[in-house]
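Please keep the sequence and the three-dimensional view at hand while reading.

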Amino acid sequence: LREAERQAKAGRLRLWREYVPPQAASELLARVVEVVSGDTLVVADAANNETRYSLSSIRCPRMGREPEPYAAEAKEALRRLLIGKKVRVTPEYHRSFEGQGGGVQERLFAAVLFDKADRNAAEVLVAEGLASVSKHGGAEERSAHYDALCDAEADAIAAKKGMHSGAPPKKGAAVTDLSLPASKERAKSFLSNFTRGGKLRGVVQYVLSGSRLKVLLLKDHCLVTLALVGVRCPACARRDSPSSGESFGDEALAATRGFCLQREVEVEIESVNDKTGVFNGTLTLPDKRNLSLVLLEAGLASRFGAAADRSVHAADLAKSEGVAKAAGLKVWEDYSEEAAAEEAAANAAAAASEMEPIPDAQKQRVELTLTEIADGAHFYAHVAGDDTVARLHAKLASACAGPPPAMAFEPKVGAVCAARFSQDNEWYRAKVTKRDKGSYTVFFLDYGNCDVVSAERVRPLDPTLAPSVLSAQAVECRLPPPIVHEPSSE
């Protein structure tokens, strides 16, 4: 019947005299770069242009904040089936839907065939009971493989597979999310276990930048943030910031995403950042290449800090960076070996001069009033006799004397604001160093001490009192290391 209807449409007979077939794009060969859900994926063509398609004439359980039963299983099945593979995409029709924001969204539907036998991805999901066949209206376009999909669904129902079994999916092991800011202390306790494990199998869940990713470790069922040890990629553009990022930052992000998003990889963890809970290590791609070396050789990354020299792959990192430098690739376009040598020599000379004792004739005596002692050799102080701090406090008290702002003030980490010190209830200039469930850890710029305050004890800072107008009044001081002279014979 469907074949007879297709022939009538093609011949525009009677009811179909005004029929206009949808203008579908031509068939293309592409590579699957992301699986969005059980029935939606993103493919990239030969020019790396990405397009999102939904599989024609099927519906998988929806993910969302509260996934429907078998939604995760359908997505994982499609990931295992297609991620990173070359496929043949045949666009078949499109639909318009009302989006969440009220606008109209258009979705492209296509048949996605893979392997030498041209297996239909939609049919595989339906046969496993992970998708149902859509019920189209009489005039609606549908998949050219609709009959095969209906047959596969009938077989899955008869065999009580997946969603047709009447039973909920089997629950897997709970995932421990160590990538959250609140989990940084807990992340430290996992370090010894991860380092003993050698290379750990995992699946890349998100790519945050060219050198930072979130990886689900399969054996331990832990989601971790991984930074490539000793390697730095240029910063990419961020959605929440108008900044365009650094040169080649977006290219490095795209390269890492194309190499390993949703792929099974191996991770070798070396250390963890005490302040952020981010793990440092190396990542081995599915083709057994080291991602750090790939990025360095492409000129999309550079070695960074002492960690590069301490890494077990230090020699390979230096060699790969040298290849990109010699070819002048990407971040090394303007690199000059002579200029780099001169800069290194100048830095070494400056460091050496700082170690030399200052002659007594050049020393100045300044009276200080200590405000905060960090440790035995590190403290903050005010210059004695300077009334700038007193005048600043008077202005702050006046600016914060009124009622709180009508809209809730929620400063981000790194923001400068006015904060009310818990011991004397006075307002001071402060910088937010941490947010945690309605409370803020702040550093007082004019005294050097810290405090934890509630949300009602922080307010926007008057622009005339910003640090760019009046610099921080707490002078940070450090005692020099003792100088030990060699014994002389005199």
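The points below concern aromatic rings, charged groups over rings, and backbone angles.

The structure is a predicted model. A search of the whole structure finds nine aromatic pairs, and one of them joins Trp332 and Tyr335. Two residues other than glycine, Lys160 and Gln262, are also described for their positive phi.

**Aromatic pairs**

- A pair of aromatic rings is described by the distance of the centres and the angle of the planes.
- Trp332 and Tyr335 are arranged edge-to-face, with 5.4 Å from centre to centre and 80 degrees between the planes.
- Trp332 counts as buried because its relative accessibility of 14% is under 20%.
- Tyr335, at 30% relative accessibility, counts as partly exposed, because this value falls between the limits of 20% and 50%.
- Phe421 and Tyr428 also form an edge-to-face pair, because their planes stand at 75 degrees and an angle over 60 degrees is counted in that way; the ring centres are 6.4 Å apart.
- Phe421 is buried, having a relative accessible area of 14%, and Tyr428 is likewise buried, at 11% relative accessibility.

**An aromatic cluster**

- One aromatic cluster is formed by Phe421, Tyr428, Phe444 and Tyr447.
- The edge-to-face pair of Phe421 and Tyr428 thus has both of its residues in this cluster.

**Charged groups over rings**

- Lys325 lies over the face of Trp332, at 4.9 Å from the ring centre.
- Arg142 lies over the face of Tyr146, and the distance to the ring centre is 5.3 Å.

**Positive phi angles**

- Most residues other than glycine have a negative phi.
- Lys160, although not a glycine, has a positive phi of about 55 degrees.
- Lys160 is placed in the loop between α4 (146–158) and β9 (176–177).
- With a relative accessible area of 59%, Lys160 is exposed, because the value is over 50%.
- Gln262 has a phi near 65 degrees, which is a positive value in a residue other than glycine.
- The loop between α6 (249–260) and β14 (264–272) contains Gln262.
- Gln262 is buried, with a relative accessible area of 9%, because the value is under 20%.

How values were computed
Residues are numbered from 1 along each chain as its sequence is written. This is a predicted model: local features need pLDDT of at least 70, side-chain atom pairs count only at pLDDT 80 or more; totals for chains, interfaces and linings use all residues. Side-chain values use heavy atoms; hydrogens and water are left out. Rings of Phe, Tyr and Trp (its six-membered ring) pair if their centres lie within 6.5 Å; planes under 30 degrees apart count as stacked, over 60 as edge-to-face and the rest as tilted. Buried means under 20% relative accessible area, exposed over 50%, partly exposed in between (1.4 Å probe, protein chains only). A charge sits over a ring if NZ of Lys or CZ of Arg is within 6 Å of the ring centre and within 35 degrees of the ring normal. Helices (H or I, at least four residues) and strands (E, at least two) are DSSP runs, numbered from the N terminus.
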